[in-house]
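Hi,

Here is the structure I promised to pass on. Have a look at it first, and then read on for what turned up in it.

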Amino acid sequence: MAAAAPSSEAPLTAATNIEPFFVLHKGDALSTSASSLPPHLARWRIDVSRLTSSPNHKSRKRSRNEAVEEDSSGGAELYERLRLEAFHRAWSKIQSTINEVLRGISLKLFDQVLEWVHESFSAVRSIARPTTAEVQQPYPLLTDVICRKIPTAFVLTKNAEFVDDITTFRDLAGHLESNGCHLAKLSAADFSAKHGVGSCFRSLLRQLLSYVPDVAHIFALASWYSLKENYDQPIVVIIDDLEQCCGDVLGELVMMLSEWVIKIPIFFVMGIATTLDAPGKLLSSEALQRLEPCKLTLGSPSDRMNALVEAILVKPCAGFCISHEVAVFLRNYFFKHDGTITSLISALKLACSKHFSIEPLSFLCMGMLEEDCENFWRNEFDALPQVMQKYSSGLPSCTREMGSSNSGNNMVKGLSELMKVQKDWSSVLLCLYEAGRHGKVQLLDIFCEALNPYLHTQKMPNSATFLSKVPASRNIIHLLEVWSIHLKGMNEISVKVKELQSTTISVDSVRITKDKWPRRSTGSAGNCTVPLNDKVAMLLDDATRNFLVPVECLPFHEIICFKNVGILQSALIGNPRRMVQLDLLKSHRHLKCSCCRKNGIAVSASMHDTSIMCNLAQEYGDVINLHDWYLSFDGIINSTHSKVKRKPHASPLKKKSKPMAAESEAMIQARFCRAVTELQITGLLRMPSKRRPDLVQRIAFGP
């Protein structure tokens with residue numbers, strides 16, 4: 001029996017709703033020594049991670065985690081709940097940061113769209129202002145052809161996939177509606193050639209009218225708009241994915257509404273992902289003539305990606321971080337999925353859930369969000385069981401850095417130092433990115449290289465690696481101003497930045513003198529400018545060497561840093577056939593029952609039929625003889641019965657005299673067929689062909 005963990009209260013989309021799950025099955029009572037161990041959850045997950053992790057994952061760490069979980073079984077449920085609560089709190093913080101960043105980037109576009117709506121509404125009203133009685137008349141106003149154009153804003157999103165635009169247009173609808181506009185959202189599914197323009201127009205009416213008549217007519221919309229509470233406000237129809245719509249249906253809707261645009265000021269906002277010439281390829285020339293276009297552009301995907309990386313990965317916003325290998329994997333995963341931000345967020349959420357479900361002390365990450373973090377960590381450490389206290393002092397990053405005199409003080413001191421170093425690391429990294437911003441250097445690339453622990457442990461010239469990718473910034477004054485903002489709290493470097501800022505003032509005075517007397521000051525200006533650029537480069541090089549320390553080089557980083565890229569890769573990319581086969585071969589580990597592993601027997605009749613068949617299939621090669629496979633299955637099923645009850649060479653007359661034996665044989669055959677069918681459905685088996693009806697082919701091999 002499996003039960004899902006309680007989901008977060010915040011509404012999540014299907015693409016990002018990835019929750020940690022736990023197996024809560026409780027098997028039969030074991031022996032007296034085993035009965036003292038409750039069926040707690042973390043041990044099961046560690047068993048799964050051992051089966052699915054990459055070969056590079058160290059077995060020493062796995063065995064240490066298992067020992068901690070088994071010995072601390074008394075408080076397993078408590079710490080399980082603490083870790084689950086910590087995950088929800090951390091991801092809630094990350095998700096709110098993501099929403100805030102994306103909305104901040106799109107807010108400029110929202111204001112532009114709102115301003116365009118007001119200007120278009122004023123332009124329509126300047127042509128004619130019909131009374132409510134005129135609006136209720138069941139025919140459009142007779143006006144010039146120029147007055148039959150619908151103001152339309154084409155928003156170029158530049159996203160490769162529409163999934164990244166869902167949140168943008170949803171927030172845009174909320175922004176326009178909160179500013180007094182009537183809103184209707186139409187998706188590409190509404191513009192279906194099968195249902196025609198009638199279904200599309202009915203969907204529009206359902207979002208505006210409280211009651212939609214059986215026959216959807218535009219007169220119903222005109223009557224609704226003539227009401228006092230609806231009049232003098234524009235109607236905005238948002239079509240978020242124009243390229244996926246049926247052009248003929250959209251053209252009919254445009255032609256119909258354009259006749260009523262003076263009576264009913266209705267405007268279009270259409271999202272375009274590729275190029276602005278997409279409407280010309282989709283709509284007819286007659287429909288295009290009825291549109292009055294306005295071109296708007298959303299921020300580029302690279303700008304949004306850099307803003308998200310800065311907010312959720314570079315700056316410690318939730319007390320959770322990732323290692324160098326995980327960061328490189330996420331970057332490659334992002335580019336393999338057409339650069340969609342949604343794919344990166346989903347992968348990051350999965351990494352976060354895996355970290356809190358695997359690391360026993362991951363709930364201590366929440367101390368970084370507390371005001372008095374040291375007091376929080378000290379209290380939590382004092383409440384830990386003795387075994388978990390030993391586990392914390394036995395972390396690989398601690399054994400090589402600290403002694404074991406006072407593990408509690410060591411952990412509090414180490415986590416506090418880790419938080420301070422992480423803050424300095426993010427400040428210097430942002431300075432590097434600011435220096436290379438004008439050279440199209442991506443923050444995600446610099447972030448991945450800055451996490452590389454080998455650049456620090458092997459004393460390699462990491463500053464030269466970074467500075468080789470950072471071009472010289474032309475505007476030194478602006479660069480130093482931004483650096484002074486990023487380096488607040490780092491007094492040693494801030495003083496040097498202020499010295500360089502004062503130097504730039506003298507350089508500017510030299511340049512003014514050069515403008516007045518160019519022949520006399522040409523050499524002096526060059527002599528002053530070149531040393532200034534060198535000083536800025538030397539300052540950046542010094543800060544990179546001293547403060548750009550990767551998190552994997554710090555003690556206790558295992559508590560906040562997710563490092564197991566094998567588990568993340570298996571969960572995202574996955575090998576479902578291998579996972580199903582492993583679960584079938586080791587089913588007793590998940591069910592924790594005593595009957596299936598009694599006397600150390602590998603295959604028992606008490607196991608599920610599909611699990612028995614999967615274990616028996618391991619004895620064959622790439623093809624399996626169905627007759628031999630059935631005989632082995634029959635022998636295991638009847639192994640618990642008496643030899644007298646089963647006579648394989650019984651005559652047909654005896655079978656007629658004993659119908660129960662024939663029924664038992666038929667039942668075994670039915671169970672065999674059902675198990676073979678289940679293996680075929682799960683993708684582990686290919687059914688017999690007409691040429692070889694007695695053989696089946698295995699698809700998955702190896703444990």
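A word on surface first: accessible areas here come from the Shrake-Rupley method with a 1.4 Å probe. On that basis the chain exposes about 35,500 Å², and carbon and sulfur atoms supply 54% of this area. Please keep in mind that this is a predicted model.

**The chain as a whole**

The chain has 703 residues, and buried ones make up 48% of them. It contains 31 helices and 12 strands. If you take the contacts between residues at least 6 apart in sequence, 77% of them join residues at least 24 apart.

As for confidence, the average pLDDT of the chain is 76, and 73% of the residues score at least 70.

Five bridges link S4 with strand S5 (residues 235-239) in the parallel sense, and Leu 186 is found opposite Ile 239 in S5.

S11 and strand S12 (residues 695-698) are joined by two bridges, and Arg 686 stands opposite Gln 697 in S12.

**Aromatic pairs**

How many aromatic pairs does a search of the whole structure find? There are 12. One of them is Tyr 79 with Phe 363, a tilted pair with 5.4 Å from centre to centre and 35° between the planes. Tyr 79 sits in helix H4, while Phe 363 is in the loop between helix H14 (341-358) and helix H15 (373-383), so this pair ties together parts that are 284 residues apart in sequence. Tyr 79 is buried at 8% relative accessible area, and Phe 363 is buried at 4%.

Then there is Trp 425 with Phe 447: the ring centres are 6.0 Å apart and the planes are at 70°, so the pair is edge-to-face. Trp 425 belongs to helix H18 (residues 407-436) and Phe 447 to helix H19 (residues 443-450), so the parts tied together are 22 residues apart in sequence. Trp 425 is buried, with a relative accessible area of 2%, and Phe 447 counts as buried at 2% as well.

Ring pairs also link Trp 629, Tyr 630, Phe 633 and Phe 672 into a cluster.

**A buried helix**

Finally, take a look at helix H28 (residues 609-617): nine of its nine residues are buried, so H28 is largely enclosed by the rest of the structure. Among them are Asp 609, Ser 611 and Asn 615, along with Ile 612, Met 613 and Leu 616.

Best wishes

Note on methods: Residues are numbered from 1 along each chain as its sequence is written. This is a predicted model: local features need pLDDT of at least 70, side-chain atom pairs count only at pLDDT 80 or more; totals for chains, interfaces and linings use all residues. Side-chain values use heavy atoms; hydrogens and water are left out. Two strands pair if DSSP finds at least two bridges between them. Helices (H or I, at least four residues) and strands (E, at least two) are DSSP runs, numbered from the N terminus. Buried means under 20% relative accessible area, exposed over 50%, partly exposed in between (1.4 Å probe, protein chains only). Contact means heavy atoms within 4.5 Å. pLDDT is the predictor's confidence in each residue, from 0 to 100. Rings of Phe, Tyr and Trp (its six-membered ring) pair if their centres lie within 6.5 Å; planes under 30 degrees apart count as stacked, over 60 as edge-to-face and the rest as tilted.
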